[in-house]
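Dear colleague,

Please find the structure below for your review. My notes on it follow directly after.

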Amino acid sequence: MNQHPTVTVSRLIPHMTEKMAARFRALPFQPQSAIIKVVPYFTGDADGNIAAFARPRDYHAVVYKLTQNYEHELSAQYPNMKFLALKNGWPLPIVAAANMCGLGFTGRHGMQIVEPYGSYVALSAVLCDTLLPETSPSDTCRACGACERACPTGAMRFDGEKRVLNRERCIASITQNPDTDISLLKLSPYIWGCDICQKVCPHNQQVKTTDIPEFYERIIPNIDATALDGDLSDRHYASRLDLIKRNLEVIK
Ligand code: SF4
Ligand code: SF4
């Protein structure tokens, strides 16, 4: 079992918010270990105004399906143990969990880097009722500062080793939020998410593309006003086309 990236759940409890802890206590069994699942979504580089995570159809359902498949594989392999697939890692502090079990490391830009996929990954987990051997932490961020220098709005800065992200200046956040200063959107081409700090990271050069077929089904790297008349119901931003329209108006 130690080939699976595994962390002991009790080590994650200090990293949980109140809401996570409450949800955690209500799980159908009290888990001892978490096996972390990585789902790469990068389909290749192409110009566009939609961030890489939102170019394929909404990744949440794909990630959950793959995590459930992982749960079934583990249950078949270890019939005396109980397993439970989580939806996108909730309620675990999934980034801390991935760091502790050696499934990559957090870059200074705040995203999880998992070689050979760089930071173009989603994380989830399968919980287990049995205490399993942990896997060890891996490499770390090179602290080169390229992500910080490339940020067009100065949203990211470092206080010693600690990253401080000003969400009100972060384009990834502004594009998805109705109540922010939208004038900053003019500083990037993005209208949903922002990949600028990820694109410059040395760990994101020549990354391996995903081999998950669902992510190649209908890639939309770029949206313009005419695309809004088409079918966007399977997109991450499907319920916020009002924001897409607003953002397009700002950057045109
Ligand atoms: S760009 Fe440099 S500092 Fe930023 S996450 Fe990547 S390696 Fe770390
Ligand atoms: S996502 Fe974009 S705006 Fe936000 S910190 Fe990274 S580069 Fe800056």
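The shell around ligand 1 comprises eight nonpolar, four polar and two charged residues; here Ala, Val, Leu, Ile, Met, Phe, Trp, Tyr, Cys and Pro count as nonpolar, Asp, Glu, Lys and Arg as charged, and the others, Gly among them, as polar. In total 14 residues surround the ligand, and the closest are G107, C141, C144, C147 and C201. A residue is taken as near a molecule or strand if its C-beta atom, placed from the backbone, lies within 6 Å of it.

This is a predicted model, in which local features need pLDDT of at least 70 and side-chain atom pairs count only at pLDDT 80 or more, while totals for chains, interfaces and linings use all residues. Residues are numbered from 1 along each chain as its sequence is written, and chains are lettered from A and ligands numbered from 1 in the order in which they are written.

An open sheet is formed by four strands in the order β1-β2-β6-β3, with antiparallel pairing. Because β1 (6-8) and β3 (83-85) stand at the edges with a single partner strand each, one side of each is left without a neighbour in the sheet. Neighbouring strands of this sheet are turned by 30° against each other on average, direction ignored, with axes being lines fitted to C-alpha atoms. Strands (E, at least two residues) and helices (H or I, at least four) are DSSP runs, numbered from the N terminus, and two strands pair if DSSP finds at least two bridges between them. Within the sheet, eight bridges join β2 (residues 33-40) to the antiparallel β6 (residues 121-128); A34 has L127 as its bridge partner in β6.

Helix α2 (residues 59-77) has 19 residues and reaches 27 Å from its first C-alpha to its last, close to the 27 Å expected at 1.5 Å a residue; the expected span is 1.5 Å times one less than the number of residues. Its buried residues are V62, V63, T67, Y70 and E71, and these pack against β2, β3 and β6. Buried means that 20 or more other C-beta atoms lie within 10 Å of the residue's own, exposed 12 or fewer, and partly exposed in between; contact means C-beta atoms within 7 Å.

Elsewhere, β7 (residues 156-159) and β8 (residues 162-165) run antiparallel and are joined by four bridges. They form a hairpin with two residues between them, and G160 in the turn has a positive phi of about 65°.

Finally, K252 lies in the segment after α7 (241-251). K252 is exposed because it has 9 other C-beta atoms within 10 Å.

Kind regards

Conventions. Axes are lines fitted to C-alpha atoms, for helices over the stretch in contact, and angles run from 0 to 180 degrees between N-to-C directions. Two residues are in contact if their C-beta atoms, placed from the backbone, lie within 7 Å.
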